[in-house]
Amino acid sequence: MLEERARRERLLAAEAAGAAACRKCAIGSQRRNNVYGEGDPCAHVMVVGEGPGETEDLLGRPFVGRAGQLLEKMLAAIGLAREDVYICNTVKCRPTEPGLRGPKNRAPEPQEMANCRPFLDEQIDIIRPKVLLALGAPAAKSFLGRDFQITKMRGRWYEGPLGIPLMVTFHPAYILRQTGGEMTAVKRLVWADLKAVRAKLDEPAAAAPEEPEQAALFDGV
Ligand code: SF4
């Protein structure tokens, strides 16, 4: 297993170097750091978000800042540490648009996701996770097409690349934008999706882990 881990690490490092040199999209020349991805190269779960934000661009790491903290809580709720999974995005460079105080985040454009898809496909091929977890509508659409509607179609299993089971749930940044009862309602939906991921990881063992009463698990971010 150590040899296999080292092999995957070498492959991922080579791909990351390729992504760092890539300028296929305009955002490749505008970003500060390429955010290729990080985590366990032998992970059973691969988390795919939409794209790096400002803090990620600054640090060159995916899912840092408040959304990253909430993602870590979400993973912990199903018994996974951040180090247990592999985390990346559909695009490796921060998509921006002009804002009053400088560049601001925007969702990646379909062409940018298409340009970057070979990097994502390689990551999936190298890691071969048991489960893909897409966070947010852009990530879901990159796998399931532009007609995917996250509010109606999340929470089910889909067939992802290489036949890997794919679950879609809300992006942590979206959860953080909700308030009051709406935030609680979204957290409940996310918790249901995460439980499905846990159950998939536990197959064929039927025993499910104890289910703590939810919503509260993600509090305090
Ligand atoms: S987003 Fe992806 S394809 Fe586009 S420039 Fe960055 S690394 Fe290259």
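Me: How are residues numbered, and which pLDDT limits apply?
Reply: Residues are numbered from 1 along each chain as its sequence is written. Because the model is predicted, local features need pLDDT of at least 70 and side-chain atom pairs count only at pLDDT 80 or more, whereas totals for chains, interfaces and linings use all residues.

Me: How far apart are the end C-alpha atoms of α5?
Reply: Helices are DSSP runs of H or I with at least four residues, strands are runs of E with at least two, and both are numbered from the N terminus. The expected span is 1.5 Å times one less than the number of residues, so the 18 residues of α5 should span 26 Å. The end C-alpha atoms agree with this, being separated by 24 Å.

Me: Where in α5 does the kink lie?
Reply: The bend at a residue is the angle between axes fitted to the seven residues ending there and the seven starting there. In α5 a kink of about 45° comes shortly before the proline Pro 118, and it lies at Cys 116.

Me: Is Phe 63 buried or exposed?
Reply: Phe 63 lies in the loop between α3 (54-59) and α4 (65-77), and has a positive phi of about 50° although it is not a glycine. A residue is buried if 20 or more other C-beta atoms, placed from the backbone, lie within 10 Å of its own, exposed if 12 or fewer, and partly exposed in between. Because 28 other C-beta atoms lie within 10 Å of Phe 63, this residue is buried.

Me: What is the phi of Arg 128?
Reply: Most residues other than glycine have a negative phi. Arg 128, in the loop between α5 and β6 (131-135), counts as partly exposed because it has 14 C-beta neighbours inside 10 Å. Although Arg 128 is not a glycine, its phi is positive, at about 45°.

Me: Which residues does the cis peptide bond join?
Reply: Most peptide bonds are trans. In the segment after α9 (180-202), where Pro 204 lies, a cis bond with omega of about 0° joins Glu 203 and Pro 204.
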